[in-house]
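This report describes the fold of one protein chain for a reader who is new to structural analysis. Please keep the sequence and the structure in view while reading.

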Amino acid sequence: MKKKMNQLESTITNLLSRGTAIASFDYNGQSRNVVIGANASAGDQRVWGSMTNRAIVEHKGKKYLSARVNNDIGYVKAFSLDKISNFQVDGSVV
């Protein structure tokens, strides 16, 4: 599980090097569509944890994806990396 989380974190970090990205994934059994790397995701809205980059938050030893929910402009949510599955960018499973 830890290897999968590290691989997901690496994939997200690599995506950030290209700018923002629209991603889809399953989280707690629900399909999610988000924008990764948007300035809103890394802004002053995150009042807990420390940002390792524009998308990854570390808090109490756990890592989270901070991303803008695609169908709700301006809404930023944190998703625990260990609960993300079927992570896709541009329709390709990463």
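Helices, of at least four residues, and strands, of at least two, are runs assigned by DSSP and numbered from the N terminus. The model discussed here is a predicted one. In these terms, the protein chain contains two helices and eight strands. Read from the N terminus, their order is α-β-β-α-β-β-β-β-β-β.

The protein chain has 94 residues, and 36% of them count as buried. Its accessible surface amounts to about 5600 Å², and carbon and sulfur atoms account for 45% of that surface.

Helix H1 (2-16) is made up of 15 residues. From its first C-alpha to its last, H1 reaches 21 Å, which is close to the 21 Å expected at 1.5 Å a residue. Which residues of H1 are buried? They are Leu8, Glu9, Thr11, Ile12, Leu15 and Leu16. These residues lie on the same side of H1, because they cover an arc of only 160° around the axis. An α-helix has 3.6 residues a turn, so residues three or four places apart point the same way. The face of H1 turned away from the buried side bears the exposed residues Lys2, Lys3 and Gln7. The buried residues, for their part, pack against E1, E2, E4, E5 and E7.

In soluble globular proteins, nonpolar side chains tend to be buried together. In this model, the largest nonpolar core comprises 19 residues, and those with the most contacts inside it are Ile12, Phe25, Ile36, Leu65, Ile84 and Phe87. Two or more residues of this core come from each of H1, E1, E2, E5 and strand E7 (84-89). Leaving aside neighbours within four places in sequence, phenylalanine 25 is in contact with residues including Leu65, Phe79, Ile84 and Phe87.

**Aromatic pairs**

The structure holds three aromatic pairs. Two of them are set out below.

| Pair | Centre to centre | Angle between planes | Arrangement |
|---|---|---|---|
| Phe25 and Phe87 | 6.2 Å | 20° | stacked |
| Tyr27 and Phe79 | 5.0 Å | 85° | edge-to-face |

Phenylalanine 25 belongs to strand E1 and phenylalanine 87 to strand E7, so their pair ties together parts that are 62 residues apart in sequence. Both phenylalanine 25 and phenylalanine 87 are buried. Tyrosine 27 also lies in strand E1, whereas phenylalanine 79 lies in strand E6 (residues 76-80), so this pair joins parts 52 residues apart in sequence. Tyrosine 27 counts as buried because its relative accessible area is 8%, under the 20% limit. Phenylalanine 79 has a relative accessibility of 1% and is therefore buried as well. Through ring pairs, Phe25, Tyr27, Phe79 and Phe87 are linked into a cluster.

**Two loop residues with positive phi**

Where is asparagine 28 found? Asparagine 28 is in the loop between strand E1 (21-27) and strand E2 (30-36). Its phi is near 50°, a positive value in a residue other than glycine. Lysine 60 lies in the loop between strand E4 (56-59) and strand E5 (62-69), and its phi is near 55°, again positive in a residue other than glycine. Is asparagine 28 buried or exposed? Asparagine 28 is exposed, since its relative accessible area is 55%, and the cut-off for exposed is over 50%. Lysine 60, at 76% relative accessibility, likewise counts as exposed.

Key. Residues numbered from 1 in each chain as written. Predicted model: local features only at pLDDT ≥ 70, side-chain atom pairs only at ≥ 80, totals over all residues. Heavy atoms only, no water. Buried < 20%, exposed > 50% of the residue type's maximum accessible area, 1.4 Å probe, protein only. Areas by Shrake-Rupley, 256 points an atom, 1.4 Å probe, with all protein chains shown as cover. Core = buried A, V, L, I, M, F, W, Y, C linked by side-chain atoms within 4.5 Å. Contact = heavy atoms within 4.5 Å. Expected span 1.5 Å × (residues − 1). Arc of directions from axis to C-beta. Phe/Tyr/Trp six-rings, centres within 6.5 Å; stacked < 30°, edge-to-face > 60°.
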